[in-house]
Amino acid sequence: MTEPALVHSTGDHVLSLTLNRPESLNALTPGQREDIIRLLAEASATPEVRAVVVTGAGRGFCSGADLRGAGTQGERLAGDVARTLRTGAQRLIAAVLDCEKPVIAAVNGTAAGLGAHLAFACDLVLAAESARFVEVFVRRGLVPDGGGAYLLPRLVGPQRAKELMFFGDALTAPDAERLGLVNRVVPDEELQKTSRAWAERLAAGPTRALALTKQLVNASLDTDRAAAFAAEAAAQEINMTTADAREGVRSFVERRGAEFGGR
């Protein structure tokens, strides 16, 4: 029986997504992409899911989009490429950024091209010591896609982003951590354990407050101060109606630890 290309399971309020094509270093197929988009949308709407972990099977996290057959297509019409990106790689990155639950990337090997951008779009990035990040597009004469030119300057600044994209050199996990692309580097054998611990900690937190915090931080990079302050006030207004906010205030008054239910 053929194993699924994307393995997913939910336990302890954590949705685990594992790209499962190790023979291709988890090159991403359209089918996998659509499954991830669907599962992230379902996670947003499912109270039982309170955190998400994305990782890869085998030696690689994701080597990028599966380009087999891309060079054998017939004549392209004007707009075909833009439409493909808009409905494909860009939708995937947007699905991660817009997911209402915290998303952790557990990068266990090579993350190249779209695979690197998938990791960088996540809220937190854990990397195994053997992980590598590669802006591979220039090596193929291509322009970065999957939101790379949007994500990287916001993470490392425009000069560093250009250096990574112009040269396409592999970036080690420690170097990625130094640049701010990775939250923490851990020994290979501890990656799964650490990512699970982080996810369970997030899953025990105030889920709606985390969703609103994620929304505020992501939006802050694209707006002015007045709009950011207005969004903050609106988020506070919404959050104060949640049971978790009431529990948080009550636990403070009662001098005890809070027990959040995700609502």
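This is a predicted model: local features need pLDDT of at least 70, side-chain atom pairs count only at pLDDT 80 or more; totals for chains, interfaces and linings use all residues.

Visitor: What does helix α4 lie across, and at what angle to β6 does it run?

Guide: Helix α4, residues 114-121, lies across β4, β6 and β8 (132-134). Its direction is at about 100 degrees to β6.

Visitor: What makes β4 and β9 edge strands?

Guide: The sheet is an open one of 4 strands, ordered β4-β6-β8-β9, with mixed pairing. β4 (60-62) and β9 (170-172) each have a single partner strand, so one side of each has no neighbour in the sheet. On average, neighbouring strands here are turned by 20 degrees against each other, direction ignored.

Visitor: How do you know that β4 and β6 pair?

Guide: The cut-off is at least two bridges found by DSSP. β4 and β6 (residues 110-112) have 2 bridges, in the parallel sense, so they count as a pair under that rule.

Visitor: Zooming out, why does the radius of gyration agree with a compact globule?

Guide: For 263 residues, such a globule would come out near 18 Å, and the protein has 19 Å, so the two agree. The C-alpha atoms fill a box of roughly 65 × 50 × 35 Å along the principal axes.

Visitor: And what share of the residues counts as buried?

Guide: With buried meaning under 20% relative accessible area, 43% of the 263 residues qualify.

Key
Residues are numbered from 1 along each chain as its sequence is written. Side-chain values use heavy atoms; hydrogens and water are left out. Axes are lines fitted to C-alpha atoms, for helices over the stretch in contact, and angles run from 0 to 180 degrees between N-to-C directions. Contact means heavy atoms within 4.5 Å. The radius of gyration is taken over C-alpha atoms; the globule rule is 2.2 Å times the number of residues to the power 0.38. Buried means under 20% relative accessible area, exposed over 50%, partly exposed in between (1.4 Å probe, protein chains only).
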